[in-house]
Amino acid sequence: GIGTKRDCPQALSAYNAVAGSVGRHMLEGHGKELPLDLGLMRISLSEVDGVLGEYPADEEDALEFDRLNAKAGDQWSQKELGWRSLTGNGMERDVQGAQANLEAAAVEGDPEALHNLGYIHMNGLGVPVNYTRAKEHFERAAEGNINQAFNALGYMYYQGVGVERNLTEAERLLKRAAEADDGDAAFNLAALYQEVDANMSRALPLLIQSSDVGYWRAHLAVAEAYEHGIDTQKNCTAAVVALKKLVETYGGVADELRTGVQQYQEGRYEEAR
């Protein structure tokens with residue numbers, strides 16, 4: 001109710017309009033995710049953040065430090081460089097270089113490197129799609145308790161990708177990762193429950209969990225459930241909060257919102273509008 005009468009339905013309508021633009025922006029590959037076509041399901045890389053995360057001001061020096069260590073056989077540097085060159089995080093994207101570094105780290109059985117190699121083979125990043133190799137890497141990574149690997153295996157069994165479809169095994173694996181607060185697994189388990197139950201009773205709490213850790217599709221799903229009262233009570237405020245999380249986090253909208261608020265506070269009402 002800042003400068004006007006409080007009107008939740010009007011706020012929800014406005015946020016829905018912006019959220020649609022943000023969703024299209026993310027689907028076009030402008031978000032942090034790699035632009036992969038996995039439908040509504042989602043698997044992700046195991047994030048490795050070492051020297052560069054500790055000393056962002058000395059990024060180039062840190063990169064060179066990692067490169068030297070990787071050549072000398074340092075496992076952590078190899079898997080970090082592999083992850084960074086695969087995602088383009090802090091360095092130019094280089095799938096072949098990523099694979100070489102990850103394979104070097106995986107020789108020693110590093111579970112994060114194994115998972116990320118599985119991700120490469122599953123999605124055909126620089127190599128032919130190979131679900132058998134992907135599954136082998138995910139299984140070895142899961143032995144090292146990598147949550148993303150449990151989620152990836154759960155995805156494979158749920159979708160019947162490279163394996164015979166098995167919803168019981170999919171549920172077990174996804175639940176294992178979701179209980180460790182993996183937002184991707186929570187979202188995927190919600191999709192499974194929604195299909196099996198044909199309602200949102202078990203799915204909605206998992207979607208909320210996924211939304212809480214920032215997955216943009218989960219924000220949209222939670223907002224829709226509360227806006228339309230899908231197997232829950234209609235709650236305009238909860239729907240607005242979910243969409244607010246989305247538009248303030250992704251798609252460059254956050255900067256525009258901050259600028260608008262600043263202009264409003266300075267009395268520049270037309271510009272703010």
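1. Glutamine 78 lies within helix 4 of what is a predicted model. Its relative accessible area is 8%, so glutamine 78 is classed as buried, the cut-off for that class being under 20%. Once its neighbours within four places in sequence are set aside, glutamine 78 is in contact with Ala70, Gly73, Asn101, Leu102, Ala104 and Ala105.

2. Helix 4 spans residues 75-87 and helix 5 spans residues 95-107; their axes come within 8 Å and cross at roughly 155 degrees. Angles over 145 degrees count as roughly antiparallel, and the two helices are therefore roughly antiparallel to each other. The crossing in which helix 4 passes helix 5 is left-handed. On the side of helix 4, the contact is formed by Gln75, Gln78, Lys79, Leu81, Gly82, Trp83, Ser85 and Leu86. Helix 5 contributes Val95, Gly97, Ala98, Asn101, Leu102, Ala104 and Ala105. Sorted by class, the contact of helix 4 with helix 5 comprises eight nonpolar residues, six polar residues and one charged residue.

3. Asn101 takes part in the contact of helix 5 with helix 4 and is also among the residues in contact with glutamine 78. Lysine 71 belongs to helix 3, which covers residues 59-71. Is lysine 71 buried or exposed? Its relative accessibility is 75%, and lysine 71 therefore counts as exposed, whereas glutamine 78 is buried.

4. Helix 8, residues 147-159, packs with helix 9 at an angle of about 160 degrees, and the axes are 8 Å apart. Helix 8 and helix 9 are therefore roughly antiparallel, and their crossing is left-handed. From helix 8, the residues that make the contact are Asn147, Phe150, Asn151, Leu153, Gly154, Tyr155, Tyr157 and Tyr158. From helix 9 they are Leu167, Glu169, Ala170, Leu173, Leu174, Arg176 and Ala177. The class division in the contact of helix 8 with helix 9 is ten nonpolar, three polar and two charged residues.

5. The buried residues of helix 11 are Ala203, Leu204, Leu206, Leu207, Gln209, Ser210 and Ser211. Which helices are included in what covers them? The cover includes helix 9 (167-178), helix 10 (183-197), helix 12 (216-228) and helix 13 (236-249). Glycine 214 follows helix 11, and its phi is positive, near 100 degrees.

6. Some totals place these details in context. The chain contains 15 helices and zero strands. Of its 273 residues, 44% are buried. Among contacts between residues at least 6 apart in sequence, 53% join residues at least 24 apart. The accessible surface of the chain amounts to about 14,300 Å², and 47% of that surface belongs to carbon and sulfur atoms.

Conventions:
Residues numbered from 1 in each chain as written. Predicted model: local features only at pLDDT ≥ 70, side-chain atom pairs only at ≥ 80, totals over all residues. Heavy atoms only, no water. Axes fitted to C-alpha atoms, helices over the stretch in contact; angles between N-to-C directions. Helix = DSSP H or I, 4+ residues; strand = E, 2+ residues; numbered from the N terminus. Parallel < 35°, antiparallel > 145°, perpendicular 65-115°, else oblique. Left-handed = near helix turned anticlockwise from the far one by under 90°. Contact = heavy atoms within 4.5 Å. Nonpolar A, V, L, I, M, F, W, Y, C, P; charged D, E, K, R; others polar. Buried < 20%, exposed > 50% of the residue type's maximum accessible area, 1.4 Å probe, protein only. Areas by Shrake-Rupley, 256 points an atom, 1.4 Å probe, with all protein chains shown as cover.
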